[in-house]
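Please keep the structure in view while reading.

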Amino acid sequence: MTRLICNIWSRIVIVEGIMGSGKSTTVLRIADRLKTSGVSVLGITEGTSPHPIRFDWDLPWADMPATQLAKSAAARWGAYANSASMSESITVVDGQFFHGNFTSLFPLDADIALIRGYVHDVVAAIKPLRPLLIYFHQDDVDRAIRTIATERGDAWVTYQVNWKLASPYAVRHGLAGLEGLIELYRDYRQLTDRLYTDLDIPKISIENSGKEMGEV
């Protein structure tokens, strides 16, 4: 993976996938390998604070029109891309293309045209950085969510259910409990699969149901 990044000389690498697919672990591994190779690199995981890309979740995003959230989130990406273009470092980031900002737009029940427009705006902002998207694709979403739920425990499941299934999308579809969370992510993954197919940036899809990241 490090060789692939260096071969296309990406200035930003985005690692994507559903919850628990190994995004943060992979970001840290790639960043470590690049540093070992003498490359200046900035690894950004979901827990990075303050987060330079993610929309500020402390704001009442759930009360925002989806159009406003999309505009604000795309602006954050644009600002970061401008900053990164003046840096010598490669950015390796956990999500924020689909996961993160997009995970707020989807439960807000944003229509597909708005979501595609948002993705288009992000791609336009980051293209000068020669982005590479690594997309972890877990074929069995049901098993993937149940596995991470077991690993992280009941408190984590309750947190995820309480905020994600109170969203307009989940309410409209009558989703509830762990089963509802699984259904939400089935729908989410179907959408991100379609968007991934349409992307015209360097990308690689890796089936990692067992979360085997392999040689990075």
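## Terms and basis

Helices (H or I, at least four residues) and strands (E, at least two) are DSSP runs, numbered from the N terminus. This is a predicted model, in which local features need pLDDT of at least 70 and side-chain atom pairs count only at pLDDT 80 or more, while totals for chains, interfaces and linings use all residues. Residues are numbered from 1 along each chain as its sequence is written, and side-chain values use heavy atoms, with hydrogens and water left out.

On a 1 Å grid over the protein atoms alone, a cavity is a set of points where a 1.4 Å probe fits but cannot get out, whereas a pocket is an open set with protein on both sides within 12 Å along at least five of seven lines; lining residues have an atom within 4 Å of a point. Grid points are joined across faces, edges and corners, and a volume is the space filled by probe spheres set on the points.

## The cavity

There is one cavity of 30 Å³ or more, and the largest cavity holds about 50 Å³ of space. Its lining consists of Thr103, Phe106, Pro107, Trp163, Lys164, Leu184, Tyr185 and Tyr188. The elements giving two or more residues to this lining are α7 (154–164) and α9 (177–198), and α9 gives the most, with three residues.

The largest pocket holds about 300 Å³ of space and is lined by 18 residues, of which Met19, Glu46, His99, Arg152 and Gln160 lie nearest its centre. Two or more lining residues come from each of α2 (23–36) and α7, with α7 giving the most, five residues.
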